[in-house]
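Please look at the complex shown here, giving attention to one chain and to the side of it that meets a partner.

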Amino acid sequence: MGKTFAEKVLGKAAGEDVKTGQVVTVEPHFCMSHDNAAPISKIFKKIGVEKVWNPDHIVFILDHAVPAPTDKHAENHKIIREFVKEQGIKHFYDVNSKGGVCHQIMCQEGYALPGLVMVGSDSHTCTYGAYGAFSTGIGRSEMAATWATGKIWFRVPESMKITVKGSFKKGVSAKDLILKIIGDIKADGADYMSVEFHGPAISQMSLAERMTLCNMGIEMGAKNAVCPPDEKVLDAIKDNAKTDKWEAIWADDDAVYAKELEYNLGELEPGVAKPHTVDNYAPVNEVAGTPIHQAFLGSCTNARIEDLREAAKILKGKEVAVRTIVIPASWKVYRQAMEEGLLNIFLDAGCIINNPGCGPCMGNHEGILAPGETCISTANRNFKGRMGNKESFIYLASPMTVAASAVKGAIADPREVL
Amino acid sequence: MAENILRGRAWVFGDDVDTDLIYHNKYLAITDPKEMAQYSFEYYPGKENFAKEAKPGDFVVAGHNFGCGSSREHAVYCLKELGIPVILAESYARIYYRNAVNNGYPVLVVPEITKKVKDGDELEVNLDTGEIKNLTTGEVMHGDAVTDLEKEIMAYGGLIPYLKAQAAKEQK
Amino acid sequence: MGKTMIQKIIQRASGKEVKPGDRVWCNIDLSTARDFAGPNCVLQFDKETEGKGKVWNPDKIAFTFDLEAPSRSEQVANNQKLIREFAKRQGITKVFDVNWGIGQHVLLENGLVKPGWVILGTDSHMNLLGAVGAFATGVGNTDIVASWILGKLWYRVPETVKIHVTGSFKKGVCMRDLLTKIVGTLGAGGLIYKAVEFVGPTIENANLAERITLCSMVTEMSGKIGLIQPNGEVLEWLKARAGEEVVELAEAIKADPDAIYSEEYEFNVDDLEPMVSAPDAPDNVKTVREVAGEKLDQIHIGSCSNGRFEDIAAAFEVLKAADFKIAPGIRAIITPATREVMKQCAQAGFIEKFLAAGVIFTNPTCALCTAKHYGTLPSGDVGMSTTNRNFIGKVGKGSHTYLASPMTAMASAVRGVITDPREIIG
């Protein structure tokens with residue numbers, strides 16, 4: 001009987017043949033932490049071990065509040081710098097123009113690799129599945145324990161197979177697909193599962209689009225989400241893989257799935273997640289005209305060069321009607337956007353271009369909402385109070401929908417302006 | 001009317017006490033003056049506990065250029081709300097002085113007061129005559145109360161009540 | 001008897017003959033507020049007028065957002081919202097939201113500042129607008145509210161100090177160094193309540209950015225306003241934005257040759273060298289050479305004092321001379337003053353080069369100067385910045401800051417320790 005991706009990749013890491021439901025202990029290849037490396041380092045010190053098991057497997061990327069806005073953030077960053085020095089951690093992205101949002105850096109800089117088991121102290125660590133990795137978010141205590149022991153246990157998860165066919169119509173993108181899927185199966189629809197994306201449409205998608213899909217796996221409860229490690233992936237990693245321990249692993253054709261779904265991109269239209277849950281899906285035309293106060297184009301979900309290009313197409317020569325915050329996913333993306341003239345388009349349209357980081361996504365930095373305000377955002381969560389005030393409202397949408405809405409000052413269907 | 005005489009303990013500060021020391025910019029977003037009192041002098045080295053320990057009626061004594069820096073009115077509100085009845089300094093920064101006057105908050109200019117008063121000294125201040133007695137040492141000083149227009153504004157309790165009274169007069 | 005610039009300005013605004021020491025009511029030409037203290041103004045205005053009041057003239061009121069742009073706290077988000085709603089209700093259209101940049105600079109670029117105008121703002125560095133001969137002062141919210149009700153405000157006519165500057169800067173030395181020198185010479189209380197006129201050939205030849213730098217720190221000497229007579233290029237720049245009338249307005253504020261000054265100072269910049277304000281006060285002035293070699297954790301170029309294109313260009317030249325490399329481990333942050341400046345930097349190709357070197361380039365805002373945005377320092381860290389204040393804890397509890405020119409800041413980023421820029425651009 002064939003094996004799922006999860007069975008194969010965890011089996012390889014555990015060095016034995018494993019089946020769904022079995023508990024295995026593995027050594028994760030990369031352990032990623034962002035600004036929360038500071039509290040984790042404090043937990044780590046309590047364990048009583050002096051040194052981490054292997055500093056080369058640990059990656060720190062400051063992104064949640066950079067440059068530090070408050071005393072507390074500044075102190076946290078300092079704790080991390082000192083820990084990095086003390087432990088000899090080489091993979092450290094401090095507050096400078098080499099970094100960006102952690103998940104973007106992990107993919108862009110060659111950490112996310114096919115067949116690797118990776119963990120991160122952030123729920124959107126599942127993003128690396130776009131590169132064929134088995135990656136999942138873990139809590140702080142577990143991360144501290146992993147630093148100490150180099151080991152982590154997993155229950156080999158059931159798998160869900162989502163087969164995607166067809167091609168996007170104009171104005172529709174990967175974000176619309178994932179919002180629709182989550183709307184269909186709900187926030188717990190893939191609880192604990194490994195979600196595999198299959199089908200010809202996935203092969204057609206760029207890595208940026210696959211990252212958008214995998215990034216939001218957690219929003220349907222998945223342990224991890226993954227796309228096939230095809231030529232596009234191999235091509236992307238050929239020059240910058242941080243290790244040669246990777247291996248292109250994919251599910252067997254006759255693997256057994258707990259659930260199978262099928263989507264045809266041609267049937268999709270632009271959609272949103274309405275406040276205050278990610279699975280509160282609606283086609284954009286149902287909410288078109290809802291007034292907004294802010295538009296946010298950023299986050300680990302949708303702030304790559306491809307996303308900025310799509311938004312720029314709509315914003316070119318226009319002026320935004322509401323405050324519009326553009327935060328490229330990394331400085332590399334920022335520079336690429338500058339080179340392509342996209343940043344000028346945004347500035348001319350009246351947007352704010354912030355330095356790469358998480359921005360207002362989790363209510364930490366630039367662009368917090370006031371009570372009663374509504375924001376349309378390309379990020380991945382719209383929980384009550386997520387971007388600051390509990391009395392504010394967040395709609396999640398694609399970069400195209402966000403750009404079209406920014407111009408109109410109300411939620412708008414991008415197909416009208418494209 | 002009884003003379004306007006106050007008694008209290010002195011808290012002595014140095015020269016060029018800036019607005020960040022009086023009321024740090026990290027609390028600028030606060031708009032309710034009552035909330036501001038607790039942060040008074042939080043950043044002043046050695047007097048971080050001022051807001052907790054000072055009693056209503058205590059005096060702030062300072063050297064030259066008190067309140068230099070920002071235009072934040074918070075730096076006046078916080079002390080007023082804490083119950084500090086008057087500030088006695090050798091001189092004031094321009095904006096701070098204005099903000100105090102505009103809030104009807106008495107600020108007296110007292111030459112060389114930081115040489116004559118030590119932390120914890122008991123003072124008696126006559127707001128009408130400007131006479132200041134150091135009850136601990138017996139020394140007497142004189143505070144220069146504000147003049148003409150400022151005095152008038154303060155007599156009304158601040159700029160806004162003053163303007164309202166002026167407008168009422170004009171209407172008559 | 002001759003009159004100084006400030007006497008002429010107040011005379012026009014009050015309709016009275018004035019002499020220093022007089023208290024007069026002046027008509028206000030522009031009354032502005034930021035997202036800092038602006039909400040206090042709005043709340044106080046509504047309270048005083050029982051929520052029914054109309055401002056005296058909505059066209060003479062402007063709002064600028066730069067304390068936290070974009071906001072990073074619920075409180076400021078709410079404060080900004082309060083202002084937006086108030087402006088809408090009152091018919092105030094000049095709202096420069098979080099996408100514009102530092103208030104005074106935005107007002108200047110948008111032609112809202114004219115020579116001789118009496119301007120208010122909730123920013124103690126409003127008076128940098130004296131760089132174009134405007135009498136702008138930072139005030140608290142009560143003064144702003146009074147002006148919104150009446151269109152007038154009381155002033156004490158200040159004495160005027162004349163600062164005469166001659167000579168030309170050597171390579172690696174700039175207006176910021178002169179300013180630091182002046183602050184060190186006159187001290188934190190050196191200009192208390194006074195107006196200043198900056199005159200002499202060095203000033204006449206100075207560009208707008210240099211004039212702004214010079215006027216931006218009069219506050220740090222407790223002065224009321226630093227004024228510079230607009231001329232040449234500066235006047236042309238103003239004309240293009242604020243209209244032809246600025247020429248006449250500028251003419252009307254010229255100091256009389258026999259005006260009376262309370263003090264006069266002479267500075268010559270020929271032999272001036274790069275200067276710093278050492279921790280923890282702007283008037284703790286030293287030469288860069290005296291403190292060279294001290295290790296830095298962060299440098300920041302920006303703020304209303306030194307965030308214009310020319311300032312960033314000066315830093316760029318230093319970085320270029322160092323082959324576009326900064327020291328490992330140092331955090332370098334550049335914050336342009338406005339969106340216009342950011343665009344200029346992009347067009348000049350600066351941003352790409354800064355980023356390639358590892359320098360961070362942020363959106364236009366007050367950044368670390370307000371201590372709640374980019375670049376707060378942890379305890380024990382030492383920073384250098386082109387801002388205007390380095391009081392203890394200003395940018396993070398337990399940290400210390402050197403104030404310096406953009407060139408010195410960038411030179412120090414290149415080496416990771418305080419460095420005289422002449423060593424790099426030699």
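This is a predicted model: local features need pLDDT of at least 70, side-chain atom pairs count only at pLDDT 80 or more; totals for chains, interfaces and linings use all residues.

Chain C has a mean pLDDT of 96, with 100% of its residues at 70 or more.

Between chains C and A, the contact involves 38 residues of chain C and 40 residues of chain A. On the chain C side, the elements that give two or more residues are the helices α3 (74-90), α14 (339-347) and α15 (350-357) and the strands β15 (331-334) and β16 (360-361). The largest share, five residues, is contributed by α3(C). By residue class, this side of chain C consists of 14 nonpolar, 13 polar and 11 charged residues.

Strand β15(C), one of the elements listed for that side, also pairs with other strands of its own chain. With β14 (residues 298-301) of chain C, β15(C) pairs in the parallel sense over four bridges, and within this pairing Ile334(C) is the bridge partner of Ile301(C). β15(C) pairs with β16(C) as well, again in the parallel sense but over two bridges, where Ile360(C) in β16(C) is the bridge partner of Ile333(C).

How are the two faces of β15(C) placed, covered or open? In a regular strand the side chains alternate between the two faces of the sheet. In β15(C), Arg331(C) and Ile333(C) lie on one side and Ala332(C) and Ile334(C) on the other, and since all four are buried, both faces are covered.

Terms used:
Residues are numbered from 1 along each chain as its sequence is written. Chains are lettered from A and ligands numbered from 1 in the order in which they are written. Two residues are in contact if their C-beta atoms, placed from the backbone, lie within 7 Å. Ala, Val, Leu, Ile, Met, Phe, Trp, Tyr, Cys and Pro count as nonpolar, Asp, Glu, Lys and Arg as charged, and the others, Gly among them, as polar. pLDDT is the predictor's confidence in each residue, from 0 to 100. A residue is buried if 20 or more other C-beta atoms lie within 10 Å of its own, exposed if 12 or fewer, and partly exposed in between; C-beta atoms are placed from the backbone. Two strands pair if DSSP finds at least two bridges between them.
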